[in-house]
Amino acid sequence: MTILPPDPDLNALRLELARLRAARGWSYDELAARSGLGRRTVIEIEQGRTIGTLRTWHALAHALDAQFDVLFSTLCRGHDQPGDSED
């Protein structure tokens, strides 16, 4: 029997990105410059037009000085994170 994981909350992830950027008072240009990404890439990720790559999110986390695991834990909003069950 195959047990599929719950869908990740990609909306929560992009909203967390927006929250972290806004908390620092940074524009898209500022985050792009600090992360080494293109402005268009940052905008498209934050507005949900694309998800980005793991490398992209790694750059964003470092630019925002955000722990990668905490940032990505937003994907599990509304359901248990892997490793939380007692099975």
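Analyst: Axes are lines fitted to C-alpha atoms, for helices over the stretch in contact, and angles run from 0 to 180 degrees between N-to-C directions. Helices (H or I, at least four residues) and strands (E, at least two) are DSSP runs, numbered from the N terminus. The model is a predicted one, in which local features need pLDDT of at least 70 and side-chain atom pairs count only at pLDDT 80 or more, while totals for chains, interfaces and linings use all residues. Residues are numbered from 1 along each chain as its sequence is written, and side-chain values use heavy atoms, with hydrogens and water left out.

User: At what angle do helix α3 and α4 pack, and is α3 roughly parallel or roughly perpendicular to α4?

Analyst: Helix α3 covers residues 39–46, and its axis and that of α4 are 12 Å apart, at an angle of about 95°. Angles under 35 degrees count as roughly parallel, over 145 as roughly antiparallel, 65 to 115 as roughly perpendicular and the rest as oblique. The packing angle of about 95° therefore makes α3, relative to α4, roughly perpendicular.

User: Which residues in α3 and α4 meet?

Analyst: Contact here means heavy atoms within 4.5 Å. By class, this contact of α3 with α4 has four nonpolar, two polar and no charged residues, where Ala, Val, Leu, Ile, Met, Phe, Trp, Tyr, Cys and Pro count as nonpolar, Asp, Glu, Lys and Arg as charged, and the others, Gly among them, as polar. The residues that meet are T41, V42 and I45 in α3, and T56, W57 and L60 in α4.

User: How do the axes of helix α1 and α4 cross, and which residues make the contact?

Analyst: The axes of helix α1 (residues 10–23) and α4 come within 11 Å and cross at roughly 30°, which means that α1 is roughly parallel to α4. On the α4 side the contact is made by W57, L60 and L64, and on the α1 side by L13, L17, L20 and R21.

User: Is L64 buried or exposed?

Analyst: L64 has its place in helix α4, which spans residues 54–64. Leaving aside neighbours within four places in sequence, L64 is in contact with L17, L20, R21, R24, W26 and L31. Buried means under 20% relative accessible area, exposed over 50% and partly exposed in between, with a 1.4 Å probe and protein chains only. The relative accessible area of L64 is 1%, so this residue is buried.

User: Where is D65 found, and is D65 buried or exposed?

Analyst: D65 is found in the loop between α4 and α5 (68–73). Although D65 is not a glycine, its phi is positive, at about 55°. Because its relative accessibility is 71%, D65 counts as exposed.

User: With which side chain does the side chain of E46 make a polar contact?

Analyst: E46 lies in helix α3 and, at 5% relative accessibility, counts as buried. Not counting residues up to four places away in sequence, E46 touches R14, L17, A18, R21 and Y28. A polar contact is a pair of N or O atoms within 3.5 Å; within protein, one must be able to donate a hydrogen and the other to accept it, and residues adjacent in sequence count only if both atoms are side-chain atoms. The partner of the E46 side chain, at 3.5 Å, is the side chain of Y28.
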